[in-house]
Amino acid sequence: MVAQRTREVEISGIRRMFEAAPPNAINLGLGEPDFEPPAEVIRALCDAVRNGMNHYGPSAGLPALRAKVAERYQDRDPATSHDNVLITGSGSEGLLSVALALYDPGDEVLVPNPGFVLYAPHARLAGAVPIPYDLEEEHGFRPNLDQLESLVTSRTRVLVVNSPSNPTGGVFPKAVVDRLVDFAEEHDLTIVSDEVYEEMVYEGRFASFWGRSDRVVVVNSFSKILAMTGWRIGFLVAPRSLAVEINKIHYHVMACPSTPAQAAVLVGLTESSAAIRAMVREFRARRALITRGLNRVPGLACVPPAGAFYAFPRFHWPGSSQEVAMALLKRGLISTPGDAFGSLGAGHLRLSFAASRENLTRALAILREYARDVGSV
Ligand SMILES: Cc1ncc(COP(=O)(O)O)c(C=O)c1O
């Protein structure tokens with residue numbers, strides 16, 4: 001018999017669709033670039049493995065990589081040093097370690113709705129209670145401060161934010177970041193800011209939470225930006241004393257992050273900016289292709305995503321998000337039902353545009369056919 005937490009934990013709606021897919025289906029369901037890691041990064045990984053970097057390393061990560069990451073945050077806070085940085089075994093592991101390090105049983109954690117699939121289950125795994133706050137399309141997928149105020153209780157400990165957002169593509173302008181920081185200070189909350197899509201912004205400017213307050217933990221990842229989702233490597237940035245505490249949990253979750261992957265990422269951070277820029281340029285072109293295409297499908301309406309690499313169209317077709325996503329799956333298109341991200345995702349589909357233009361074009365054809373067959377309302 002398994003523990004109650006195991007019985008209660010949800011299987012991610014993203015994974016469920018993935019596992020039910022027919023062969024050769026077009027996969028716009030998983031959030032991963034169709035790129036390979038930059039050539040110099042692949043070379044560095046092979047060199048590291050050949051040259052004996054196959055052993056345990058420090059649980060906080062290799063000092064040189066921690067220092068390199070810290071350097072990249074010094075424009076946000078010049079005092080950032082390697083002591084603020086932990087290298088993790090992915091953004092997902094970083095989020096779990098942060099949840100286990102920060103949440104006590106009974107604590108309340110404000111999580112976005114719709115929001116990434118791990119925030120609420122991680123809160124529950126730590127015995128805390130996720131309290132969803134709304135990100136409404138009509139309000140540019142930005143939080144409503146009045147609602148946040150109304151959700152705060154004496155048990156609220158943490159505000160989880162994610163900009164650019166998965167699944168909405170929303171990006172918080174600096175003014176919104178400032179207001180959220182003020183809100184957190186006023187109520188003595190820690191902000192956990194998931195910034196894994198920070199480099200993928202197509203409208204406006206990315207505003208990081210780092211450097212705005214001493215109560216911020218940034219969770220980040222190399223998965224998307226270096227196109228290495230399968231390598232499982234990420235990082236987080238936290239106030240020094242908190243980094244020490246989070247590192248205790250991180251050690252018990254995974255002992256240490258992959259040593260050769262860290263050596264390769266260090267090369268990526270030093271040498272791959274042109275490859276990263278080229279990938280983001282391609283995402284920008286695909287974003288234009290898919291949003292234009294979706295808005296021409298009868299029964300679909302898509303706000304162009306300001307960041308990340310997801311279109312999050314609303315549909316006006318019969319059936320729930322699950323039913324529509326299942327019907328599309330049978331026609332060979334894997335999408336993610338919007339309500340996998342929370343109740344406010346109902347009536348939406350999430351489509352990743354980190355897929356080839358050819359696949360995006362074929363996906364649009366499937367959607368047009370589906371719209372014709374169901375007769376949009
Ligand atoms: C918002 C967000 N945070 C974190 C992650 C975790 O990424 P990884 O575990 O690959 O670093 C993802 C992956 O899809 C994501 O979309």
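## Around the ligand

A residue is near a molecule or strand when its C-beta atom, placed from the backbone, lies within 6 Å of it. On that basis, 13 residues surround the ligand, and the closest are Ser 90, Gly 91, Ser 92, Ser 221 and Ser 223. This shell splits into 2 nonpolar, 10 polar and 1 charged residues (Ala, Val, Leu, Ile, Met, Phe, Trp, Tyr, Cys and Pro count as nonpolar, Asp, Glu, Lys and Arg as charged, and the others, Gly among them, as polar).

## About the model

This is a predicted model, where local features need pLDDT of at least 70 and side-chain atom pairs count only at pLDDT 80 or more, while totals for chains, interfaces and linings use all residues. Residues are numbered from 1 along each chain as its sequence is written.

Helices (H or I, at least four residues) are DSSP runs, numbered from the N terminus. Axes are lines fitted to C-alpha atoms over the stretch in contact, with angles running from 0 to 180 degrees between N-to-C directions.

The axes of α4 (residues 63–73) and α10 (residues 259–271) come within 9 Å and cross at roughly 30 degrees. The pair is therefore roughly parallel (angles under 35 degrees). Ala 64, Leu 65 and Lys 68 of α4 meet Gln 262, Val 265, Leu 266 and Leu 269 of α10 (contact puts C-beta atoms, placed from the backbone, within 7 Å). By class, that's 5 nonpolar, 1 polar and 1 charged residues.

## Helices α11 and α13

For α11 (residues 273–295) and α13 (residues 357–374), the axes come within 10 Å and cross at roughly 5 degrees. Here, Arg 286, Leu 289, Ile 290 and Gly 293 of α11 meet Arg 357, Leu 360 and Leu 364 of α13. This contact has 4 nonpolar, 1 polar and 2 charged residues.

Notes: Helices (H or I, at least four residues) and strands (E, at least two) are DSSP runs, numbered from the N terminus. Angles under 35 degrees count as roughly parallel, over 145 as roughly antiparallel, 65 to 115 as roughly perpendicular and the rest as oblique. Two residues are in contact if their C-beta atoms, placed from the backbone, lie within 7 Å.
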